[in-house]
Amino acid sequence: MRLLTCPIIVALSLFVLSVLNPTGATGQTSVARAQSGRSANDSIGGRGKQRPAKQSPGQSPGTVNVRPRVAAPQPGIPTVKATVDRKRVPLGDEVTFTLTPASVVLNPSYIITIFFGDGKQQRVTQTETVYLYKATGTYAYSILVKVPDQDIPRVSLFANPTRVVTQDQVTFTAQLSQSYPNVRYRFVFGDQNQTDWQDQPATTHAYKSSNTYQAYVDIGTMSKGGVKRLGGSVRQPIEVISQPQPPPSVTLSANPIPVAEKQPATFVARVGSNEPNIRYRFDFGDRSGSTAWQASGRTTHTYSTPGNYPARVEIRVTRGRSTTQTATSNPLLMEVTAKRDDKPAVDLAAVPQSVLAGLPVFFRATTASANSNTRYRFNFGDGSSGDWKEKPEDTHVYSVAGNYAAFVETGSAGSGPIGAIATSGRKRIRVEPFILQPETSTPTPPPPSSPSPTLSISPSPEASPSVPVTSSPTPAPSSSSGEGIGTTSSPSPSISPSQTPTPNPKPDSGGLNDWWKYLLAVLIIFGIYEGWKAFWAPRPTLVPNLDPGDSKMGSESGPLGINFQMELNRNLTDGQVAVNTDGGSLIKSERKGDG
């Protein structure tokens, strides 16, 4: 009986000692929990075949127990789990370990080591590993996952925008030169503010005061429950302004000006700022609509019809995320002309075309394409030309007689100098000299008067011969005919028939007896003037003139005063009628009636 119980007691003693003194692995940092995998009947190949037990020579048969070692996972390191085909095997049988997930086990970026618990370890490169325990006992196995040593990457910091107004958000982005596992980021903004360690490579920040700040980013990796700094970026300056800048000025230019219809014109916008975020929108003023916002300050446009169009450009400047400023240029007047074969014609009328020097000539221009911007410039052909004017009419006085060729030019008013668009044909103006002098006329001699009867008186012998007295007061011119005037019956001396008698001189009355001579001269001059006025004097032509003017009353004195009278029937119920007589004119006075 004693012989049978002794081996049993010895086996129980060995089993208790193996349980109380197990051999385990130490120093492991990552453990995978064991799960039941295969049945006890599975072999190393896992296909239902039983390996024969391998025993050392002289070793007593025993049992090997395996179990997982429990440990906290390492942050940032993936977890690898291991399972065994059997938790208890006879001594000498191999134990199969299966590792999952395969994506980590087979990834060369990780080093996976299995600790068997008997002081032995093995680096795993496959998902299955077979191991043979050489002694009975209970063993705790574990899995260690490590990251191989790599070069520390360089990190760069990008900020958008780098010039910002206070309280506007700035976006910071970190970029690595190469991939690195389990990396952490910490952003430092330069205004005594920074983020905690984070796994996201981007963040935002708003500055509260104006200044230039040096921002940067640090990178690190997880180590012993914390973050170990690996490096940092170069400082990135951030300019923060307190007040928005005034909107930049913009000017618009075009080439060519003027431009013909259906000919492209190039528009260029110039901005007095170096802002990078400027957008342009053009409006050509011809109802074609505005363009879309564009980054270029240059564009082209073609006008389809002649005219004057106010072109503009609008700019939009974006500063930061919430600050947008706009500005608009002054209108640029685009003068669009017709083609040369369709050039608008202009005609010039002159009234009168034949005039005396010193008298006014009225000019009027007529064109079919006139508008509010059409301007007129008259050239009178005598070396004088007027300025550009809005009204299509003008008056000119030629001071020197001659033949003149007058013409008119039309242009369009704009922002720049006015250029001639069309020119009329030459209008011939004939100017005659003005001479107010009556022609010299020889008075017609009166018809010879019949001899007046004479009274014969018989003088006494001592009386002197008598002089015959005529009854006509008009003196007869001397005649060389030698005809006698009177005879006497007395033998007293008488006048010789060949001798012209001379009337006796009358007493001097101071020239009053010659008044009839002056009256005759006045009548002759008046007759000549009336004849000139009736046949040769120029007659004024009335031309409608809407220009406002002033009139003055004058008077002409003297016996030679010229009086031109005209009757104006205005045929109006209301308004004013005026006659403008500025310049050289024979009209010196005006009389109006209620009719």
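Which residues do ring pairs link into a cluster? They are Phe97, Phe116, Tyr131, Tyr133, Tyr139 and Tyr141.

## Ground rules

This is a predicted model, where local features need pLDDT of at least 70, side-chain atom pairs count only at pLDDT 80 or more, and totals for chains, interfaces and linings use all residues. Residues are numbered from 1 along each chain as its sequence is written, and side-chain values use heavy atoms, with hydrogens and water left out.

## Aromatic pairs

Rings of Phe, Tyr and Trp (its six-membered ring) pair up if their centres lie within 6.5 Å; planes under 30 degrees apart are stacked, over 60 edge-to-face, and the rest tilted. That rule gives 13 aromatic pairs. One of them is tilted: phenylalanine 172 and phenylalanine 189, at 5.3 Å centre to centre with 50° between the planes. It ties together distant parts of the chain, 17 residues apart, with phenylalanine 172 in strand S11 (residues 169-176) and phenylalanine 189 in the loop between strand S12 (183-188) and strand S13 (202-206). Helices (H or I, at least four residues) and strands (E, at least two) are DSSP runs, numbered from the N terminus.

## Two nonpolar cores

A nonpolar core here is a set of buried Ala, Val, Leu, Ile, Met, Phe, Trp, Tyr and Cys residues joined through side-chain atoms within 4.5 Å. The largest has 23 residues, and Val64, Val80, Phe97, Leu99, Ile112, Tyr133 and Ile143 touch the most other members. Elements that each supply at least two residues include strand S1 (63-68), helix H2 (102-105) and strand S8 (137-146). S8 gives the largest share, four residues.

There's also a second, separate core of 22 residues, with Val250, Ala254, Tyr280 and Phe284 among them.

## Around histidine 301

Histidine 301 is found in strand S21 (residues 298-302). It counts as buried because its relative accessible area is 12%. Its side chain makes a polar contact with the side chain of aspartate 286 at 2.8 Å; such a contact is a pair of N or O atoms within 3.5 Å, and within protein one must be able to donate a hydrogen and the other to accept it, while residues adjacent in sequence count only if both atoms are side-chain atoms.

Setting aside neighbours within four places in sequence, histidine 301 is in contact (heavy atoms within 4.5 Å) with residues including Gln263, Phe267, Phe284 and Asp286.

Terms used: Buried means under 20% relative accessible area, exposed over 50%, partly exposed in between (1.4 Å probe, protein chains only).
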